[in-house]
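Open the structure in your viewer and keep the selection panel to hand.

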Amino acid sequence: MTTTGKRTTAKTSTTKPASTKPTAAIDNDTAQALGTALDHSNAMIEFDLKGAVLRANANFLALMDYSEAELIGQHHSLFVDPKEARSAEYKQLWASLAKGVFLQGEFRYLAKGGREVWLEASYNPLLNSGGKPHKVILLASNITEAKNARANIDSTIAAIERSMAVIEFAPDGTIQRANPIFLQVMGYAEEEIVGQHHRLFVTKDEATSLTYKQFWTSLARGESQRGQFQRITKSGEPVWLEASYNPIFDASGQLVRVVKFAYDITAQFNQAVALMGEKSAELEAALEESQEAERVRLELDRTLQEMSTPVTPIWDEILLLPLVGIVDSTRTDDVMRKTLDRISQTSSKMFILDISGVPTVDTAVANQLIKITKATRIMGCETLVSGVSSSIAHTIVELGVDISELRTTATLKDAFSTCLAEMGVLDLQRGRIPSRSQQPTLHRQRTYR
Amino acid sequence: MASSAIDIRTSMAAVDGLLVVSLPGELSDAVLNRIVADVTQRVTEDGIRGVILNLSTVTLLDLAEFQVLRHLVQTNEVLGVPTVLMGIRPGIAAYLCQMPITIDDLIFRVDMASALEACDG
């Protein structure tokens with residue numbers, strides 16, 4: 001139905017005036033009752049044969065916003081577009097009504113103020129006893145809302161058809177129709193695909209897969225499906241569709257067809273893939289870079305550690321670690337680890353920890369030194385702490401650190417000679433190198449049986 | 001624990017009056033108790049003059065296990081046999097030094113040569 005203002009008579013049927021005389025079969029009472037019923041349910045208005053209003057019922061007046069007084073005597077053209085009122089067709093309408101022709105259809109009327117009202121109406125010419133028409137009764141019901149709703153749906157569907165690929169299937173997947181956009185995306189002509197099965201658009205592998213079978217059985221059960229689907233065009237190219245498959249039911253709830261709405265997202269998809277590739281390459285480069293940085297940092301760390309804790313063998317089975325700079329717990333941990341490892345590697349029996357390069361020693365560091373001593377002893381290696389300055393000695397005493405576990409000497413030289421003596425290399429008393437058999441017993445002078 | 005009993009016997013050797021006991025890499029309470037029992041028995045039976053406990057293959061030693069070993073050392077001491085703990089690994093040493101234990105009454109040696117020396121000293 002168009003909205004151009006032309007009166008539309010979609011289902012106009014005409015009946016010869018003489019042949020309709022239903023009143024003959026109905027008695028007066030029935031006619032009365034019928035009239036009342038129609039008056040209640042329909043909008044009614046009576047015109048003379050020229051189109052002048054004779055009377056209108058309450059329904060009609062309410063519908064058109066007029067009072068009866070305003071209407072009586074007015075011409076029917078009050079209800080139609082002035083343009084239409086001047087048209088030949090309009091004149092034709094009244095001419096045929098005057099001849100007693102029955103008309104029915106959907107008509108566009110204008111209410112008071114120009115408001116549009118759609119009427120499902122019939123023009124009923126009434127015949128007088130001589131069989132001549134003498135007036136026309138219009139019986140109408142208001143269908144404006146339904147009309148507008150319909151127009152709304154129609155334009156929505158038109159919009160979808162204009163912008164999306166649409167294809168319709170029978171519930172079993174047989175193609176019924178497709179719109180031009182779909183045909184263009186897939187590269188087919190409509191007659192090539194109508195009657196074919198949907199599997200025309202998927203790969204052979206997919207068509208035979210269980211998933212594909214389930215896809216159609218769930219659609220046949222009335223479950224809609226949506227997602228991104230890969231489909232194959234006529235030329236065998238893959239396309240990506242963002243699509244929804246919608247089961248359509250008739251009024252009784254029976255599945256009649258499946259409509260698929262789709263967008264071609266191949267371009268976006270490819271772009272995304274490319275972008276992802278690009279991104280991942282970037283990421284990889286960044287990762288590599290950071291790994292390299294980490295490696296360099298570790299290397300540097302290791303070198304620094306190596307430099308800060310140079311545990312060196314200075315004699316057979318004697319290790320020396322000259323500690324320089326600030327000593328904190330991280331550093332002492334490192335010293336411990338390094339020292340124990342070196343003892344294990346070299347089977348050293350003496351370890352000299354020279355702290356002459358350490359400016360201050362606090363309780364924590366002193367305790368760490370004691371722990372190192374203890375750990376090396378457990379491994380079977382004696383620790384001597386050398387290079388204890390007088391100020392450090394003072395501090396240690398003032399802090400009240402229990403140094404009974406620590407063996408300390410003032411200078412590195414003292415420590416070294418003690419070591420050599422204990423190893424039996426040097427006899428301190430006699431200033432000569434003793435023979436192996438005269439080796440003094442080790443630390444704390446344990447005597448065995 | 002028949003199999004571990006065999007292990008222990010094979011890892012115990014008396015050389016020149018010194019009993020060298022090699023402890024297995026992984027100690028269980030059962031194994032450790034078996035070792036303690038076996039060592040104590042060998043010490044009393046054979047007139048051993050020194051015991052060397054070789055811990056160089058032991059990778060894990062907790063405080064309780066260490067206390068068992070210390071108990072063994074003290075038992076030997078009572079029996080008049082000095083015991084040397086030999087080859088304790090850096091990791092175990094680093095752990096034990098953090099523990100509130102005294103080690104003054106124990107003899108540790110870094111390798112077998114010095115352990116033998118300590119026994120002969």
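What percentage of the 121 residues of chain B count as buried? The share is 37%, where buried means that 20 or more other C-beta atoms, placed from the backbone, lie within 10 Å of the residue's own. This is a predicted model, in which local features need pLDDT of at least 70, side-chain atom pairs count only at pLDDT 80 or more, and totals for chains, interfaces and linings use all residues. Residues are numbered from 1 along each chain as its sequence is written, with chains lettered from A and ligands numbered from 1 in the order in which they are written.

Colour chain B by secondary structure.

Next, select the contact between the chains. Chain B gives 22 residues and chain A gives 22 residues; two residues are in contact if their C-beta atoms, placed from the backbone, lie within 7 Å. On chain B, helix H4 (90-96), strand S5 (107-109) and helix H5 (112-120) each give two or more residues, and H4(B) has the largest share, four residues.

Now show the largest nonpolar core, of 67 residues. Such a core is a set of buried Ala, Val, Leu, Ile, Met, Phe, Trp, Tyr and Cys residues joined through C-beta atoms within 7 Å. Ile352(A), Met379(A) and Ala93(B) have the most contacts inside this core. Helix H13 (residues 363-379) of chain A supplies its largest share, seven residues.

Centre on Met379(A). Beyond its neighbours within four places in sequence, its contacts include Leu340(A), Ile88(B), Ala93(B) and Phe108(B).

Methods: A residue is buried if 20 or more other C-beta atoms lie within 10 Å of its own, exposed if 12 or fewer, and partly exposed in between; C-beta atoms are placed from the backbone.
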